Amino acid sequence: MSAPRRVLAALALAIAGLAAAAVDPLPFADETERARFNALAAELRCMVCQNQSLADSDAPLARDLRRELFELIRDGRSDTEVKAFLTERYGDFVLYRPPLDRRTWWIWFGPALLVLAGLATVVVIVRRRRAGAGAAPLEPAKDEEW
Amino acid sequence: MIARLLPLAAFLGLVVLLFAGIRLSEERPPDRLPSVLIGKPAPSFTLPGLREGEAEVSSSAFLGRPWLLNVWASWCAGCRVEHPLVERLGQRRDIALVGLNWKDERADALRWLAQFGDPYHAIAADPDNRVALHYGVYGAPETFVIDAAGVIRHKFVGPLTEQDLQRTLLPLLAQLLAEAGS
């Protein structure tokens, strides 16, 4: 192997090592448990990096929380109980899907409301244009560009 | 006329909204999360003491007077920033200042204390994040204000500042001491 190739190979190994670091060697009993763990970890936010889930993050805190998650699953807690455990300590912010309540309804329905408002605007404009096309325009056409 | 002003109004509305967002993020930085534990009993713990010959540190020992739980580590740069203020708090005798050495190596922590000074009345060692996790700690430094009854009353995220002390912490401690005395 030539020297540059050896450097490349070493780099590739180092990068592979980094990618593997985010996966803890947790002693899962079976594939079902592993799948449950992964599903939960993907839905919980890493508090340090904030835009990564517990499953993605290699932050030390995320690793601690994955350990806690694993222990809670081992304890036989349900998904709801696990999430409750974490929200009691870290707040709703740990959940990637925030609960539907008074503070969050606009996060859930805001986008739909905006789309509806946009649709309503389009409908009103189109109707006006149609009505205006038959009759003589009341205003100069350039006003309608808005 | 109104149709012509509409875009301007929409634009001004947007300007107001965005400026409000900037102001809000200055007052309440989005990376400082509010603690959900405020008003709730502080999770009880018993941890090994950090210092040589320091017995177990138990949260129940601090009941009866207000106390501060300061989460710190030798690797934490912000802890050095707030250290002079923490030292000032450590000089008080009417409250307890408890350090929670978080995710740290004991030797490093002791060296840090030797170098910068040890302000704490007691230091609990939590190298594996067993206790801090229950407090919802997600970074260091963090400082919890706990009243005489063991209820968390406030939490500071990030290095304490002079402003934090003057505006929030000192008045709150005075209030908690008054509550405990009555």
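Colleague: Which residues of chain A line the largest cavity?
Modeller: This is a predicted model, and its largest cavity is lined by residues of chain A and chain B. From chain B come B:Leu33, B:Pro34, B:Ser35, B:Val36, B:Gly136, B:Tyr138 and B:Lys155. From chain A come A:Met47, A:Arg89 and A:Tyr90.

Colleague: How many residues in the lining of the largest cavity are nonpolar?
Modeller: The lining includes A:Arg89 and B:Lys155, and Arg and Lys count as charged. By class there are two charged and two polar residues. The nonpolar residues in the lining number six.

Colleague: What space lies in the largest cavity?
Modeller: The structure holds one cavity of 30 Å³ or more. The space in the largest cavity is about 50 Å³.

Colleague: What area do chain B and chain A bury between them?
Modeller: The contact takes 20 residues from chain A and 19 residues from chain B. Of the area buried between the two chains, 54% is on carbon and sulfur atoms. The buried area is about 1,600 Å².

Colleague: Which residue forms a salt bridge with A:Glu71?
Modeller: Between chain B and chain A the count is two salt bridges. For A:Glu71 and its partner, the closest N and O atoms are 3.3 Å apart, and the cut-off for a salt bridge is within 4 Å. That partner is B:Arg130.

Colleague: Which residue forms a disulfide with B:Cys76?
Modeller: A search of the whole structure finds one disulfide over all chains. The sulfur atom of B:Cys76 lies 2.1 Å from that of its partner, and a disulfide needs sulfur atoms within 2.5 Å. The partner is B:Cys79.

Colleague: Is A:Cys46 buried or exposed?
Modeller: Buried means under 20% relative accessible area. The relative accessible area of A:Cys46 is 0%, so this residue is buried.

Notes:
Residues numbered from 1 in each chain as written. Chains lettered and ligands numbered in written order. Predicted model: local features only at pLDDT ≥ 70, side-chain atom pairs only at ≥ 80, totals over all residues. Heavy atoms only, no water. 1 Å grid on protein atoms, 1.4 Å probe; cavity = no way out; pocket = protein on both sides within 12 Å on 5 of 7 lines; lining within 4 Å. Points joined across faces, edges and corners; volume = space filled by probe spheres on them. Buried < 20%, exposed > 50% of the residue type's maximum accessible area, 1.4 Å probe, protein only. Contact = heavy atoms within 4.5 Å. Buried area = accessible area lost by both parts, 1.4 Å probe. Salt bridge = Lys/Arg side-chain N within 4 Å of Asp/Glu carboxyl O.
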